[in-house]
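Here is a short report on a fold, a loop and some ring pairs. Please keep the sequence and the model side by side while reading.

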Amino acid sequence: MAYWLFKSEPSTWSWNDQRAKGDAGEEWDGVRNYQARNFMREMKLGDLGFFYHSQKEKSVVGIVEVCAEIHPDSTASDPRWECVDIKAVRSLIQPVTLDQIKNRSDLADMVLVKNSRLSVQPVRDTEWRIICQMGATAPK
């Protein structure tokens, strides 16, 4: 299993919006960055990811699961753009802020710290466990 992080502006698509979709999940559409798209191409059913609120909140707020592998993005007319579907699994008991993540030396190499603008990014196993612990939430 691999781990990921999906960033969204809560004013556009929030954790509550994601949770409201239930087990059917939702396309992670609108990604127009090749590196982010290529990460989605690597995703497999059952992979887990953090749901991250960007802009003002800047925090990990939930855990999602990939429920459909890569397919054409329904919002794109260009076939180069693809996406996966994700569904909400559970909320973090305590949201974990970007500042908290940046203040940990064991998370200094995390993609979120080094390339905070990338909307879809990988998360290492150790980073996954640390952030789940910080959020008082079981890792699986």
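S8 stands opposite H53 in β3. The strands β1 (residues 3-8) and β3 (residues 48-53) run parallel, and six bridges join them. Strands here are DSSP runs of E with at least two residues; helices are runs of H or I with at least four residues; both are numbered from the N terminus. Two strands pair if DSSP finds at least two bridges between them.

This is a predicted model: local features need pLDDT of at least 70, side-chain atom pairs count only at pLDDT 80 or more, and totals for chains, interfaces and linings use all residues. Residues are numbered from 1 along each chain as its sequence is written, and side-chain values use heavy atoms, with hydrogens and water left out.

**The sheet and its helix**

Six strands form an open sheet with mixed pairing. Their order is β2-β5-β4-β3-β1-β6. Strands β2 (26-27) and β6 (120-123) are the edges, and each pairs on one side only.

Helix α5 (residues 125-134) lies across β1, β3, β4 (59-72), β5 (82-97) and β6. Contact means heavy atoms within 4.5 Å. The helix runs at about 55 degrees to β3. Axes are lines fitted to C-alpha atoms, for helices over the stretch in contact, and angles run from 0 to 180 degrees between N-to-C directions.

**Aromatic pairs**

How many aromatic pairs does the structure hold? It holds seven. Rings of Phe, Tyr and Trp (its six-membered ring) pair if their centres lie within 6.5 Å; planes under 30 degrees apart count as stacked, over 60 as edge-to-face and the rest as tilted. Y3 and W128 are stacked, because their ring centres are 4.4 Å apart and their planes lie at 15 degrees. Y3 is in strand β1 and W128 in helix α5, so this pair ties together parts that are 125 residues apart in sequence. Both Y3 and W128 are buried. Buried means under 20% relative accessible area, exposed over 50%, and partly exposed in between (1.4 Å probe, protein chains only).

Ring pairs also link F6, W15, W28 and F51 into a cluster.

**The loop between β3 and β4**

Q55 lies in this loop. Phi is positive in Q55, a residue other than glycine. Phi is also positive in K58, again a residue other than glycine.

| Residue | Phi | Relative accessibility |
|---|---|---|
| Q55 | near 65 degrees | 41%, partly exposed |
| K58 | near 45 degrees | 42%, partly exposed |
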